[in-house]
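Below are my notes on the structure, as numbered points. Please read them alongside the coordinates.

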Amino acid sequence: MKIVIAPDSFKGTNTSLAVASHIEEGILRVYPDAQCIKVPVADGGEGTVDSVIDALGGKKETVKVCGPLGKKRNATYGLAGETAVIEMAEASGLPLIPDDKRNPMLATSRGTGDLILDALDKGCRKIIMGIGGSATNDGGTGLARALGYRFLDADGTELLEGGGSLDNLASIDVSAVDKRLKDVEIMVACDVTNPLLGEEGASFVYGPQKGADPSMVRHLDKALERLADIAENCLGIEARNIPGSGAAGGLGFGLIAFCGADLKSGIDIVLDTVKLDSYFGDADLVITGEGRMDSQSVNGKVPVGVAGRAKKHGLPVLAIVGDMGPGAMDVLPYGVDSIMSTVNRAMPLNEALDKSSPLMVEAAERAMRMIAMGMSLNK
């Protein structure tokens, strides 16, 4: 029996590789000769770096970068051959700023650009970037500055970092832009569809959680509109209405406009990168999973993404999950055939988290015993 194990991480307890290993242990208790293929995956959000470098045999790199308020800090990204995996929250994330100092007028995405620059220095030709958890609202101009772009006012003076200064933008100087950008493929894991501007855009939807009051929100929206106008004039790029351009304070827009990036579904980027489909050829079963399965699991989450790929090969799919919330069964029409919860009795949350690893092993064993029983009934 060949089983492909492709779960997400269980946040707060186990990485996706650890989850896959625990599931394998449970399988081997019932089918000791089973061939288990472990493929750690993620949906483009938290845990993506770990899953991709585990799947591809990569490593982590730590770099000194510009933090969201300008202070130098260490940030980590993944490196596997010529592929880099970057989570912008590592360098420009909201958790890096204390609540009382959050200010999207000043916060910069330059540190994320520093990570791209380091990846280019290490010979990367492909960059996968997750852009959740941003502290910024600068339209990606900070990132672009790290790569050689200059944002100038009418007098030719370089603007201050942050989204607040962009209402004075008059031109964009591209004379010193890093030429290696033309030779690198940048794929952005983005599962939101917000445009750059307006009531559904970056400033209005995400600005308040980053510290913006109503007046600041209006200012930032106008500033991003100015950025979009100047980008069109100077670069010939129209990206303001592309779905996802408003993600991460307009970083989606900036990555398109300044780096030629493509915005795609996070789960599809990861599954393509780890070449999940290549393991399905002679498989008998696919096991996936996530920490909590509920009605939101159909929206670009790992189990549904994996199941969709598996069904193209006619394979049955089992999801092993930490918890089944309201709407968990909504995943069944999307290719998940059955769900097994790791929690085997009523227990407090902290106990379930503490015992997450052995509970996973036991859940996999229970699932395989049920499969064995079903196979005997069909004889």
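**Notes on cores, sheet and selected residues**

1. The largest nonpolar core holds 52 residues, and those with the most contacts inside it are Ile-116, Ile-131, Phe-151, Leu-255 and Phe-258. A nonpolar core here is a set of buried Ala, Val, Leu, Ile, Met, Phe, Trp, Tyr and Cys residues joined through side-chain atoms within 4.5 Å. Buried means under 20% relative accessible area, exposed over 50%, and partly exposed in between, with a 1.4 Å probe and protein chains only. Helix α8 (residues 247-259) supplies the largest share of this core, nine residues. Helices (H or I, at least four residues) and strands (E, at least two) are DSSP runs, numbered from the N terminus.

2. This is a predicted model, in which local features need pLDDT of at least 70, side-chain atom pairs count only at pLDDT 80 or more, and totals for chains, interfaces and linings use all residues. Residues are numbered from 1 along each chain as its sequence is written, and side-chain values use heavy atoms, with hydrogens and water left out.

3. Contact means heavy atoms within 4.5 Å. A second, separate core has 35 residues, including Val-274, Leu-276, Val-286 and Ala-310.

4. On the whole protein: there are 12 helices and 13 strands. For 379 residues, a compact globule would have a radius of gyration near 21 Å, and the 23 Å of the protein agrees with this. That radius is taken over C-alpha atoms, and the globule rule is 2.2 Å times the number of residues to the power 0.38. Along the principal axes, the C-alpha atoms fill a box of roughly 80 × 40 × 35 Å. Of the 379 residues, 55% count as buried. Among contacts between residues at least 6 apart in sequence, 70% join residues at least 24 apart.

5. An open sheet is formed by five strands in the order β2-β1-β11-β12-β13, with parallel pairing. Two strands pair if DSSP finds at least two bridges between them. β2 (35-38) and β13 (338-341) stand at the edges with a single partner strand each, so one side of each has no neighbour in the sheet. From one strand to the next, the twist averages 25°. Axes are lines fitted to C-alpha atoms, for helices over the stretch in contact, and angles run from 0 to 180 degrees between N-to-C directions.

6. Which strand does β1 pair with over four bridges? The partner is β2, in the parallel sense, and Cys-36 in β2 is the bridge partner of Ile-3. Lys-2 and Val-4 point one way from β1, Ile-3 and Ile-5 point the other way, and all are buried. In a regular strand the side chains alternate between the two faces of the sheet.

7. Helix α1 (residues 16-30) lies across β1 (2-5), β2, β11 (285-293) and β12, and runs at about 170° to β2. Helix α12 (residues 356-377) lies across β1, β11, β12 and β13, and runs at about 140° to β13.

8. Helix α10 (residues 302-311) is mostly covered, with eight of its 10 residues buried. Among them are Val-304, Val-306 and Arg-309. The buried residues of α10 pack against α9 (266-273), β11 and β12.

9. Asn-194 lies in the loop between β9 (185-189) and α6 (202-206). Is Asn-194 buried or exposed? Asn-194 counts as buried because its relative accessibility is 11%. Leaving aside neighbours within four places in sequence, its contacts include Glu-200, Tyr-206, Ile-242 and Ala-247.

10. Asp-100 sits in the loop between α3 (89-92) and α4 (110-121), and counts as exposed at 68% relative accessibility. Asp-100 and Gly-211 are 111 residues apart in sequence and 8.4 Å apart in space, C-alpha to C-alpha.

11. Ala-55, in helix α2 (residues 48-56), counts as partly exposed at 28% relative accessibility. Not counting residues up to four places away in sequence, Ala-55 touches Pro-40 and Val-274.
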